[in-house]
Amino acid sequence: DEGCQIAQEKFEFFEKHLKEVGYDFHIDTLSENQLRFQGLLIDLDNSWDQKYTEAVSSVAINPVKDQKVDFVYSSQHGAACVVTEKMFKDLGLRINVVEDHRKVDPDFTNAPFPNPEDPKAYDLLIRDAKRTNSKLIMSTDPDGDRFGFGYIDNGEYKLFTGNETAALILEYILSNKEKSNTLGNKPYA
């Protein structure tokens with residue numbers, strides 16, 4: 001139920017060492033047809049993307065009226081690009097997508113480091129940001145559950161750490177709640 005992501009080469013390394021100590025590691029799997037027949041795999045229609053966009057819109061603190069800063073986005077060859085591009089458009093945001101990462105590709109052909117926590121994942125984002133004169137760069141991992149971003153500072157792109165990103169988001173939420181007088185009597189984080 002917890003789920004995890006293991007890179008193929010690490011899995012093979014792990015499996016090899018388990019066999020060396022006498023443990024035969026094997027996982028039975030079902031085919032796509034078997035999964036569908038048993039009702040374990042279903043396709044979601046596009047209405048789910050719309051529901052997601054509506055949920056994001058409903059919590060927007062300051063909906064975009066006039067975007068002043070351009071940014072570059074990449075999903076690192078992942079399926080997250082489809083939903084993210086549509087959501088940004090529906091929210092009124094203009095984005096520049098890294099074309100070399102736009103196609104869903106499980107081999108990550110043009111994204112050898114598809115992890116937004118790895119600075120090397122931003123090479124093509126920075127290239128495109130310089131070309132489009134974008135101030136911000138944003139990336140998700142291929143399935144969209146991790147996010148990273150950076151900004152331009154004196155001609156160089158700097159990346160925020162996860163902790164810095166969380167602190168910025170928290171400051172944004174709290175300062176806007178304070179401005180709108182919706183912070184409450186005893187706020188804490």
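In this predicted model, the crossing of helices H3 and H4 is right-handed. On the side of H3, the contact involves Asp 49, Gln 50, Tyr 52, Thr 53 and Val 56, which meet Val 83, Lys 86, Met 87 and Asp 90 of H4.

Helix H4 also has a place against the sheet. Formed by residues 80–90, H4 lies across strands S1 (71–74), S2 and S3 (136–140), and runs at about 150 degrees to S1. The sheet itself is open and consists of five strands in the order S2-S1-S3-S4-S5, with mixed pairing. Its edges are formed by strand S2 (96–97) and strand S5 (156–159), each of which pairs on one side only.

At one end of this order, strand S4, residues 147–153, pairs with S5 in the antiparallel sense over four bridges. Within this pairing, Tyr 151 has Lys 158 of S5 as its bridge partner, while Ile 152 stands opposite Tyr 157, likewise in S5. The hairpin of S4 and S5 has two residues between the strands, and Asn 154 in this hairpin takes a positive phi near 50 degrees.

Helix H6, residues 123–132, contributes the buried residues Leu 124, Leu 125, Asp 128 and Ala 129. Seen down the axis of H6, these buried residues fall within an arc of 135 degrees, so they line one face of the helix. Such an arrangement may be read against the geometry of an α-helix, which has 3.6 residues a turn, so that residues three or four places apart point the same way. The buried residues of H6 pack against strands S1, S2, S3 and S5 and against helix H5 (99–102), whereas the face turned away from the buried side carries the exposed residues Asp 123, Lys 130 and Arg 131. Just after H6, Asn 133 takes a positive phi of about 60 degrees.

His 77, a residue other than glycine, has a positive phi near 70 degrees and is placed in the loop between S1 and H4. With a relative accessibility of 4%, His 77 counts as buried, because the term applies to residues under 20% relative accessible area. Asn 181, also a residue other than glycine, has a positive phi near 60 degrees and is found in the segment after helix H7 (162–179). In contrast to the buried His 77, Asn 181 is exposed, with a relative accessible area of 72%.

The loop between S3 and S4 holds Asp 145, a residue that is exposed, with a relative accessible area of 52%. Although Asp 145 and Ala 80 are 65 residues apart in sequence, the distance between them in space is 8.6 Å, from C-alpha to C-alpha.

Terms used:
Residues are numbered from 1 along each chain as its sequence is written. This is a predicted model: local features need pLDDT of at least 70, side-chain atom pairs count only at pLDDT 80 or more; totals for chains, interfaces and linings use all residues. Side-chain values use heavy atoms; hydrogens and water are left out. Two strands pair if DSSP finds at least two bridges between them. Contact means heavy atoms within 4.5 Å. Axes are lines fitted to C-alpha atoms, for helices over the stretch in contact, and angles run from 0 to 180 degrees between N-to-C directions. Buried means under 20% relative accessible area, exposed over 50%, partly exposed in between (1.4 Å probe, protein chains only). The arc is that of the directions from the helix axis to the C-beta atoms. A crossing is left-handed if the near helix is turned anticlockwise from the far one by less than a right angle, and right-handed if clockwise.
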